[in-house]
Amino acid sequence: MNYLTFALTKGRLAKKTLEMLESLGITCEEMKEKDSRKLIFVNEELKLKFFLAKGPDVPTYVEYGAADIGVVGRDTIVEENRKVHEVLDLGFGKCRMCVCGHEDARELLKHRELIRVATKYPNIAKDYFYNKRHQTVEIIKMNGSIELAPIVGLSEVIVDIVETGSTLRENGLVVLEEVCPLSARMIVNPVSMRMENERVKELIGGLRNVVAEADT
Ligand code: PRP
């Protein structure tokens with residue numbers, strides 16, 4: 001039997017994913033060793049491998065088949081636009097992609113002014129402003145703490161993730177428009193989907209039940 005390899009998004013998403021897998025009896029004890037410097041973890045019995053990666057790299061590993069399966073936020077899947085199958089909404093990591101800014105930026109949006117948009121997600125922002133809103137804007141790619149941009153005058157608005165809304169609130173910013181809802185998703189390499197159909201399908205089915213149980 002071949003190994004099935006999982007690429008998980010480092011941090012909270014990986015933790016939640018491992019908890020979900022554990023409820024299906026899929027564990028990876030090796031991964032729980034705190035001081036380990038290991039990068040890849042194996043469950044020999046079930047012929048599974050796991051590794052942790054930065055979010056934007058997860059769809060890359062899956063597209064090239066270096067991982068058969070990935071778990072990553074929908075924001076990253078849409079932004080990276082890799083050739084992978086999105087097979088399941090895992091129901092956690094729920095948040096929204098939004099256009100945010102100071103309240104007075106609402107008027108600039110309304111009149112489709114040529115504004116600056118700071119974001120970690122240039123493709124999502126471009127698609128939203130150009131194709132959905134039909135508004136020409138200047139997109140500025142940033143790498144974090146995006147909320148700073150309208151505060152220091154780098155841009156009029158931002159396109160960013162809003163979860164609880166507290167980062168916005170504490171900085172005097174508001175949600176101006178919602179782009180799309182987000183959550184953690186399972187993605188599969190198209191070749192693995194065919195070659196390992198039985199195992200992948202069984203896994204999707206199992207996880208789907210866990211998601212359904214969590215919803216009730
Ligand atoms: C994300 C996002 C917002 C914040 C939203 O940033 O970019 O800044 O979380 O969460 P809230 O609505 O619950 O306040 P993250 O902490 O991932 O880091 P970053 O600023 O480096 O992107």
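Helices (H or I, at least four residues) and strands (E, at least two) are taken as DSSP runs and numbered from the N terminus. The model is predicted, and local features need pLDDT of at least 70, side-chain atom pairs count only at pLDDT 80 or more, and totals for chains, interfaces and linings use all residues. Residues are numbered from 1 along each chain as its sequence is written, and side-chain values use heavy atoms, with hydrogens and water left out.

A pocket is an open set of points on a 1 Å grid over the protein atoms alone, where a 1.4 Å probe fits, with protein on both sides within 12 Å along at least five of seven lines; its lining residues have an atom within 4 Å of a point. Volume is the space filled by probe spheres set on the points, which are joined across faces, edges and corners.

The largest pocket holds about 890 Å³ of space. Its lining comprises 37 residues, and Asp-75, Thr-76, Lys-120, Tyr-121 and Ile-161 lie nearest its centre. Two or more lining residues come from each of α1 (12-22), β4 (69-73), α3 (74-80), β9 (157-162) and α7 (166-170). Of these elements, α3 gives the largest share, 5 residues. Domain 1 (4-93 + 183-215) and domain 2 (95-180) each supply at least three residues to this lining, the domain bounds being from an automatic or database domain assignment.

The second largest pocket holds about 340 Å³ of space. It is lined by 14 residues, with Ala-14, Lys-15, Leu-18, Met-31 and Lys-32 the closest to its centre. Helix α1 provides the largest share of this lining, 5 residues.
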